[in-house]
Amino acid sequence: MSNMVLPPIQIVPTSAASDAPGFGAEVRGIDLRSLSEVAFASIEQAWIDHQVLLFRDQRLTDHDLIMFARRFGDLDQAPIQENGQRFVAGIPEIYVVSNVVENGVAIGSLGAGEAVWHTDMSYLEAPPKASMLHALEVPAAGGDTSFCDMYAAFDSLPETLRRRAIGLRVKHDGTYNSGGYLRQGVIPSDDPRDAPGRLHPLVCTHPESGRRMLYLGRRRMAWIGGMDVAASEALLDEIWAHATQAAFTWTHRWRVGDLVLWDNRCTMHRRDPFDAAARRIMHRTQISGSAPPAG
Ligand code: SIN
């Protein structure tokens, strides 16, 4: 065993979102394949504090990715992909986000189009608490991923809107994924009240930080429980326009080897479209949530 003294981990805030100080940070000086307990504890705390963490120059096998993700807790099995396939062979926890087609078969989900603002799998009773994406191939342009700080979105709500939002519950629709593709086995409906999904509080409290945040999920087919659909649409439009302002967001330009880890409870994310002829391959894991989001 080497006695070499490793340089300390550096946590460098992105300072990218003008009205969300502290949102997002780059973690430098580590190899995610060989983290000590102390180093992992620093990363876990930084993830709570900064919500989204970027690690550059990580060259992880799927096994390495799973081993790192498992340090945060149990992993979800990946959802079924749009082509009906479920998993990377033998590794059911890995979800492939890719536009690449091999031998006429898409190897992943979401294609090359825009992926709209969303929180991963919020249509479940207990959505994943974290997600991480590892970049294996990236296009020369496009395909950037933006993250939005839902603490800042709540903290800056105009008082009248805040008073209206507290106590409401929103239906998180499970009909479509963020690329607009119908999920396997779902029969679509035009009425958000009939669509599959869960009601969660619109304003939630983060179980670890204790901070309050907006919890929106995704806009399409959302519905404020008990409200007339037209009134629900108007209020959701107002809240969404507020929450997705550039002042609360950080946009990440990917490089091969990047790993981005986000707190799925207090952030949303979206992805820019890119040239469908270019290749983009990301492998994703998700850490299971232990409880439904609470108000
Ligand atoms: C996702 O929405 O989980 C994928 C985001 C991306 O492709 O950058």
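The model is predicted. Helix 5 spans residues 229–243. The largest pocket holds about 340 Å³ of space, and the largest cavity has a volume of about 250 Å³.

**Helix 5**

- Helix 5 has 15 residues and reaches 20 Å from its first C-alpha to its last, close to the expected 21 Å.
- Its buried residues are Ser232, Leu235, Leu236, Ile239, Trp240, His242 and Ala243.
- Viewed down the helix axis, these buried residues fall within an arc of 155 degrees, so they line one face of helix 5.
- An α-helix has 3.6 residues a turn, so residues three or four places apart point the same way.
- Ala230 and Ala241 are exposed on the other side of helix 5.
- At the start of helix 5, a side-chain oxygen of aspartate 228 comes to within 3.2 Å of the backbone nitrogen of alanine 230.

**Largest pocket**

- The lining of the largest pocket consists of 23 residues.
- Nearest the pocket centre lie Pro207, Arg265, Ser290, Ala291 and Pro292.
- By class, the pocket lining has 12 nonpolar, 7 polar and 4 charged residues.

**Largest cavity**

- The whole structure contains 1 cavity of 30 Å³ or more.
- The largest cavity is lined by 21 residues, with Leu110, His118, Asp120, Ser178 and Arg284 closest to its centre.
- Strand 4 (95–98), strand 8 (115–118) and strand 18 (267–271) each give two or more residues to this lining.
- Strand 18 gives the most, with 3 residues.
- By class, the cavity lining has 9 nonpolar, 5 polar and 7 charged residues.

Conventions:
Residues numbered from 1 in each chain as written. Predicted model: local features only at pLDDT ≥ 70, side-chain atom pairs only at ≥ 80, totals over all residues. Heavy atoms only, no water. Helix = DSSP H or I, 4+ residues; strand = E, 2+ residues; numbered from the N terminus. Expected span 1.5 Å × (residues − 1). Buried < 20%, exposed > 50% of the residue type's maximum accessible area, 1.4 Å probe, protein only. Arc of directions from axis to C-beta. Polar contact = N/O pair within 3.5 Å; in protein donor to acceptor, adjacent residues only side chain to side chain. 1 Å grid on protein atoms, 1.4 Å probe; cavity = no way out; pocket = protein on both sides within 12 Å on 5 of 7 lines; lining within 4 Å. Points joined across faces, edges and corners; volume = space filled by probe spheres on them. Nonpolar A, V, L, I, M, F, W, Y, C, P; charged D, E, K, R; others polar.
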